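Please have the sequence and the 3D view ready.

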Amino acid sequence: MSENPRRRRTVARHGQLATPGPVNQLLKLIAIGLAVVLVSGFGVAAYIAYDFSSTVAANAVDLEGQEAVPPDIGEYEEGFNLVLTGVDTCEEKYAGLFGERCTGSDAGGTLNDVNLLVHVSQEPRRITVVSFPRDLMIPIPECVDDEGNVRSAMSKQPLNTAYTDGGLNCVVKTISELTDQEIQFAASVTFGGVIEITNAIGGVDVCLANPIKDRYTGLDMAAGTHTVEGLQALQFLRTRHGVGDGSDLGRIGNQQQYMSSLARKMISGEVLGNVPVMLKLANTALSNLEASTSLANNPMTLVQIALAVKSVPFEDIVFVQYPTGADYADPNKVVPNQEAAAALWDAIEANAQLQITHQNTSNDGVIVQEPTEPVTEATPDPTATPDTVVALPDSIKGNSAAQTTCSNGNVR
């Protein structure tokens with residue numbers, strides 16, 4: 001695949017960093033301590049719970065071709081990208097909860113069924129979360145797996161086979177080559193990790209416009225507002241047959257509702273402003289994530305990322321589905337809509353305010369709810385001009401964290 005020099009740019013260049021000695025480690029610890037004093041009012045200081053000798057750092061994954069990460073994320077002139085993938089690993093502690101997936105004929109292998117690219121722009125800060133369908137048929141590049149083995153490239157495979165083929169590094173490389181985006185950070189989370197993390201934050205509020213009863217995941221919920229955590233949160237995120245047209249695209253819409261609610265809870269102060277909750281979340285997350293070396297080796301990176309996103313307005317936190325079209329070779333798969341995708345990346349590169357123009361239908365996983373109370377007039381963005389507000393093609397589905405969506409449930 002040819003590289004697009006206009007989009008795929010190296011935003012920070014540094015030589016290989018030397019291994020820090022005892023003095024540097026001490027200075028780093030002092031710097032972390034100072035950061036605690038400076039940011040503890042926001043609760044972000046809880047990230048110091050990270051232990052340099054932890055299993056997370058020891059098992060961190062190197063991303064192929066990545067330059068050394070600078071000590072300050074502000075050096076990323078065009079913002080930075082993080083890939084987060086949810087994998088269906090059947091950990092022994094939780095395998096009994098998932099029936100055939102972990103005990104039946106399809107129990108082998110680990111698939112990356114949830115794939116997110118999180119872009120955090122430079123000032124003014126905006127966050128765009130792009131969800132990629134697991135059944136997106138694309139090339140899988142040559143990858144080096146966790147054991148150092150080179151895995152051959154494949155011309156057209158479902159995205160969710162990338163982890164099976166070459167681990168987290170291969171997921172990142174596949175998404176990077178598809179999007180022409182340089183990716184600085186990455187992490188994966190398992191079924192059990194989702195359960196533990198949602199418990200740590202005290203659950204996430206979700207809305208159901210209609211009941212969901214999905215015999216495939218075991219989810220059974222009445223219409224209305226619910227706080228989901230633990231196993232129920234995972235069932236909610238995994239349900240496909242229970243929302244919209246029963247497709248993976250409908251499931252993505254449902255997952256974006258969950259993520260919007262999570263973002264509002266995190267940024268409103270319920271999490272970032274609550275030191276005990278942040279401490280619990282940090283400990284839980286770090287022990288349930290497989291992280292890239294760039295993310296795992298320096299706890300200050302996590303502090304900086306949290307500080308970078310804590311003040312982003314909800315309307316500038318936007319969740320979109322990567323645009324797709326039908327795969328005529330297989331009706332159960334989809335292929336990239338290159339034209340719409342180019343419009344999306346152009347808007348992100350320009351750090352524009354993204355406007356969703358897609359109008360949801362009964363086939364979509366969520367229904368956009370109209371406000372029931374008068375909406376307080378938002379403070380205008382002084383940087384907003386016609387050139388910095390982009391209406392995305394109507395083939396791109398999504399919503400901002402400022403919108404309320406409810407699951408378009410059904411009974412199957």
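How many disulfides does the structure hold? There are 2 disulfides, a disulfide being a pair of cysteine sulfur atoms within 2.5 Å.

## Basis

This is a predicted model, in which local features need pLDDT of at least 70, side-chain atom pairs count only at pLDDT 80 or more, and totals for chains, interfaces and linings use all residues. Residues are numbered from 1 along each chain as its sequence is written, and side-chain values use heavy atoms, leaving out hydrogens and water.

## Cys143 and Cys170

The sulfur atoms of Cys143 and Cys170 are 2.2 Å apart and form a disulfide. This pair links distant parts of the chain, 27 residues apart: Cys143 is in strand E5 (residues 143-144) and Cys170 in helix H4 (residues 162-179). Helices (H or I, at least four residues) and strands (E, at least two) are DSSP runs, numbered from the N terminus.

The link of Cys143 and Cys170 is right-handed, with 70° about the S-S bond. Both Cys143 and Cys170 are buried, that is, under 20% relative accessible area (1.4 Å probe, protein chains only).

## Cys207 and Cys406

Cys207 is joined to Cys406 by a disulfide, S to S 1.8 Å. Because Cys207 lies in strand E9 (residues 204-208) and Cys406 in strand E21 (residues 404-407), the pair ties together parts 199 residues apart in sequence. Cys207 and Cys406 are both buried.

## Helices H6 and H7

Helix H6 (residues 230-238) packs with helix H7 (residues 248-270) at an angle of about 140°, their axes 8 Å apart. Axes are lines fitted to C-alpha atoms, for helices over the stretch in contact (heavy atoms within 4.5 Å), and angles run from 0 to 180 degrees between N-to-C directions.

Technical notes. Buried < 20%, exposed > 50% of the residue type's maximum accessible area, 1.4 Å probe, protein only.
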